[in-house]
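I opened my notebook to get to know a structure I had not seen before. Here is what I looked up, entry by entry.

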Amino acid sequence: MTSTTSPLVLVFLISLTFSSLVSFAIGDNMDRDLEISWGDGRGKFLNNANLLSLSLDMYSGSGFQSKNQYLFGRIDMQIKLVPGNSAGTVTTFFLSSQGPAHDEIDFEFLGNLSGNPYTLHTNVFAQGKGDKEQQFHLWFDPTKDFHTYSIVWNPKHIIFMVDNIPIRDFKNMEERGVGFPKDQPMRMYSSLWNADDWATMGGRVKTNWTQAPFTAYYQNYRANACVISPGSSGCPGNRLKTASVLDNAWINQEVDSVSYRRMRWVQRKYMIYDYCADIKRFPQGLPAECPTRRPR
């Protein structure tokens with residue numbers, strides 16, 4: 001590709017490449033990879049397990065999880081969020097290990113009153129320590145159609161993506177004493193639950209139960225990742241050798257110059273909170289991974 005290729009052409013080629021990556025997952029029966037974990041029937045596989053729904057009412061929410069544990073990979077899920085007045089509800093899609101010193105990589109969608117935007121909350125935990133929140137509004141209505149939310153997790157980067165547009169790149173900065181998830185296998189989890197004590201406007205807007213049940217939908221789950229078997233301590237040695245070059249793209253994936261410009265566009269126009277800009281929260285100095293000057 002020459003240096004004269006226009007930005008629009010580059011965006012198109014990136015989108016086309018992503019379409020080819022996810023196309024073979026369309027139509028897969030999700031019950032082969034996922035299982036309902038709680039909710040007493042409020043989580044359901046539909047349409048021959050090509051669709052999954054989670055519901056929340058005043059008695060309980062619901063959730064599901066991956067059958068496998070992963071150590072690095074790319075996880076994609078298409079989600080259609082709760083429409084209308086979703087205030088007080090939280091829909092999640094995240095990776096997590098177990099225990100008090102757990103690792104975790106979070107997408108959380110905080111509901112809002114009808115006509116107001118969802119808040120997309122992201123966070124990273126390493127050895128039980130989080131406090132690395134960034135929040136965004138989205139440039140589309142996430143309740144009208146399915147959109148793809150992705151986590152790329154490799155030894156150097158955790159990249160959060162929406163419709164293959166990176167919105168956040170959390171880099172491995174262990175040389176600065178910053179924790180990074182790299183040793184603990186994690187499952188994928190998703191849930192729909194009531195958090196009206198904090199989710200919408202700091203808890204000032206409560207869940208309107210006359211709107212219940214609240215329902216979110218999921219499809220086209222794809223986990224292109226290193227699967228960790230029970231009792232194993234790492235990725236099988238032949239996992240990367242046998243995978244195709246295309247499937248292995250996540251191993252060394254980073255935010256290139258074109259993707260960086262797209263990420264900065266999202267952050268300039270749609271980021272509503274960045275812990276690295278919250279001087280009041282860190283009066284003794286920003287965390288070590290935070291740049292001293294934010295890029296423009």
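**Entry: strand S14**

I began with strand S14, residues 214-228, in this predicted model. I found 12 of its 15 residues buried, so S14 is largely enclosed by the rest of the structure. Next I asked myself which strands pair with S14. Strand S3, residues 51-56, pairs with S14 in the antiparallel sense over 6 bridges. Strand S5, residues 69-80, also runs antiparallel to S14, and 9 bridges join the two.

I then looked for residues that stand opposite each other. Leu51 faces Gln219 in S14.

I stayed in S14 for one more residue, Asn220. Is Asn220 buried or exposed? Its relative accessible area is 15%, and buried means under 20%, so Asn220 counts as buried. I also noted what its side chain touches: there is a polar contact with the side chain of Gln78, at 2.6 Å.

My next stop was strand S11, residues 157-162. Here 6 of the 6 residues are buried, so S11 is largely enclosed by the rest of the structure.

Then I followed the chain on either side of S11. Strand S10, residues 147-153, pairs with S11 in the antiparallel sense over 5 bridges. A hairpin of 3 residues joins S10 to S11. Across this pairing, Val152 stands opposite Ile159.

Strand S12, residues 165-171, is antiparallel to S11 too, and 6 bridges join them. I wrote down His157 as standing opposite Lys171 in S12. S11 and S12 form a hairpin with 2 residues between them. In that turn, Asp163 has a positive phi of about 50°.

**Entry: the positions listed as active site**

I checked the UniProt record next. Which residues does the unreviewed entry list for "active site"? The record gives Glu104 and Glu108.

I found Glu104 in strand S7. Glu104 is buried, with a relative accessible area of 12%. Leaving aside neighbours within four places in sequence, Glu104 is in contact with residues including Phe94, Asn123, Phe125 and Met186. The side chain of Glu104 also makes a polar contact with the side chain of His102, at 2.9 Å.

Glu108 has its place in strand S7 as well. I noted a relative accessible area of 15%, which makes Glu108 buried. Leaving aside neighbours within four places in sequence, the contacts of Glu108 include Val90, Thr92, His121 and Trp198.

**Entry: the listed glycosylation site**

The UniProt annotation "glycosylation site", also from an unreviewed entry, covers Asn112. I found Asn112 in the loop between strand S7 (104-110) and strand S8 (119-125). At 14% relative accessibility, Asn112 counts as buried. Which residues does Asn112 contact, leaving aside its neighbours within four places in sequence? I listed Gly84, Asn85, Ser86, Ala87, Pro117 and Thr200.

**Entry: the disulfide**

I looked for disulfides and the count came to 1. The disulfide joins Cys276 to Cys290, with an S to S distance of 1.9 Å. The link is left-handed, with -75° about the S-S bond. Cys276 and Cys290 are both in the segment after strand S15 (271-274), 14 residues apart.

Last, I looked up the confidence values. The protein averages a pLDDT of 87, and 84% of the residues score at least 70. Over residues 1-27 the pLDDT is below 50, and beyond near neighbours in sequence I noted 26 contacts for this stretch in the model. Over residues 240-246 the pLDDT is below 50 too, and this stretch has 5 contacts beyond near neighbours in sequence.

How values were computed:
Residues are numbered from 1 along each chain as its sequence is written. This is a predicted model: local features need pLDDT of at least 70, side-chain atom pairs count only at pLDDT 80 or more; totals for chains, interfaces and linings use all residues. Side-chain values use heavy atoms; hydrogens and water are left out. A disulfide is a pair of cysteine sulfur atoms within 2.5 Å. Helices (H or I, at least four residues) and strands (E, at least two) are DSSP runs, numbered from the N terminus. Buried means under 20% relative accessible area, exposed over 50%, partly exposed in between (1.4 Å probe, protein chains only). Two strands pair if DSSP finds at least two bridges between them. A polar contact is a pair of N or O atoms within 3.5 Å; within protein, one must be able to donate a hydrogen and the other to accept it, and residues adjacent in sequence count only if both atoms are side-chain atoms. pLDDT is the predictor's confidence in each residue, from 0 to 100. Contact means heavy atoms within 4.5 Å. UniProt positions are given in the numbering used here, feature names are shortened, and annotations may be inferred rather than shown by experiment.
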